[in-house]
Amino acid sequence: ETARRQEGERSRYELHIQRPDGHWRWLQITASPYYDADQKLSGTFGVFQDITERHQTALSLRESERRYRLLIDTARDLIIMHDPEGIILHVNAAVLQTGGYRAEELLGQPLTRFIPLEYPESLRQGEQPHRADTHGAHLYESEFLTRAGERIPVEVSASVFRQGDIP
């Protein structure tokens, strides 16, 4: 980082330090070259910011996401997540095993490809859950089409997950 400042560049980096009391802290350091009146590099101007809390929050979020993925991916129930347009975003291992699909065959595909044609369009489009109470699940029966064309009866428990105001 010192070499970058000697070339006139500002640098920003993180440093994990142990304080004299034994506690560990994360610092974000922003260092800029400091020039004298003759425009010669005469030192470094640095700002140290304690970002320990930000690091802890990020670590907690990663751990929460890991537990969530583990829960979803090891569930024996078929779990399919799709966007409001019905495009599949995530499937768990049970979907792949039961349906005989590979993940890349499902992800990015419309959910309607895997529901028999004779089902009402509202169910095929996944609209029912969006009209349901967003604090609970909407239950209905349907069928899931496997890769081999087999129909597997399923009970769907659909819930809307919102990100801000976006379902």
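This is a guided tour of a predicted model, stop by stop, for you to follow in your viewer.

**Before you start**

Residues are numbered from 1 along each chain as its sequence is written, and side-chain values use heavy atoms, with hydrogens and water left out. Because the model is predicted, local features need pLDDT of at least 70 and side-chain atom pairs count only at pLDDT 80 or more, while totals for chains, interfaces and linings use all residues.

**The whole chain**

Begin with a cartoon view. The protein has six helices and seven strands; these are DSSP runs, numbered from the N terminus, with helices (H or I) of at least four residues and strands (E) of at least two. Along the sequence they follow the pattern α-β-β-β-α-β-β-α-α-α-α-β-β.

Of the 167 residues, 26% count as buried. Here buried means under 20% relative accessible area, exposed means over 50%, and partly exposed lies in between (1.4 Å probe, protein chains only). Among contacts between residues at least 6 apart in sequence, 27% join residues at least 24 apart, where contact means heavy atoms within 4.5 Å.

**Stop 1**

Select residues 24-35, which form strand E2, and residues 41-50, which form strand E3. E2 and E3 run antiparallel and are joined by nine bridges; two strands pair if DSSP finds at least two bridges between them. Look for Tyr35, which stands opposite Leu41 in E3.

The hairpin has five residues between its strands. Pick out Gln39 in that loop. Its phi is near 65°, a positive value in a residue other than glycine. Most residues other than glycine have a negative phi. Gln39 is also exposed, with a relative accessible area of 58%.

Next, go to Thr30 in strand E2. Thr30 is buried, at 14% relative accessible area. Its side chain makes a polar contact of 3.2 Å with the side chain of Arg12. A polar contact is a pair of N or O atoms within 3.5 Å; within protein, one must be able to donate a hydrogen and the other to accept it, and residues adjacent in sequence count only if both atoms are side-chain atoms. Show the surroundings of Thr30 too: leaving aside neighbours within four places in sequence, its contacts are Arg10, Ser11, Arg12, Phe45, Gly46 and Val47.

**Stop 2: the salt bridges**

How many salt bridges are there? The count comes to eight, taking a salt bridge as a side-chain nitrogen of Lys or Arg within 4 Å of a carboxyl oxygen of Asp or Glu.

- Asp50 and Arg25 meet at 2.8 Å, N to O. This pair links distant parts of the chain, with Asp50 in E3 and Arg25 in E2, 25 residues apart. Asp50 is partly exposed at 41%, and Arg25 is partly exposed at 26%.
- Glu63 and Arg66 have their closest N and O atoms 2.7 Å apart. The two sit three residues apart in helix H2 (residues 52-74), so they are separated by about one helical turn.
- Glu143 and Arg151 meet at 2.8 Å, N to O. Glu143 counts as buried at 18%, whereas Arg151 is partly exposed at 40%.
- Arg102, Glu104, Glu105 and Arg147 are linked in a network of salt bridges.

**Stop 3: Met81**

Select Met81 in strand E4 (residues 80-82). Met81 is partly exposed, at 22% relative accessibility. Beyond residues up to four places away in sequence, Met81 touches Tyr68, Ile72, Ile87, Ile88, Leu89 and His90. Check a distance here: the C-alpha atoms of Met81 and Val91, ten residues apart along the chain, are separated by 6.4 Å.

**Stop 4: the largest nonpolar core**

Which residues make up the largest nonpolar core? Select Ile88, Val91, Val95, Tyr101, Leu106, Leu111, Phe114, Ile115, Tyr119 and Phe144, ten residues in all. A nonpolar core is a set of buried Ala, Val, Leu, Ile, Met, Phe, Trp, Tyr and Cys residues joined through side-chain atoms within 4.5 Å. In soluble globular proteins, nonpolar side chains tend to be buried together.

Finish on Phe144. Not counting residues up to four places away in sequence, Phe144 touches Leu78, Ile80, Val95, Gly99, Tyr101, Phe114, Glu150, Arg151, Ile152 and Val154.
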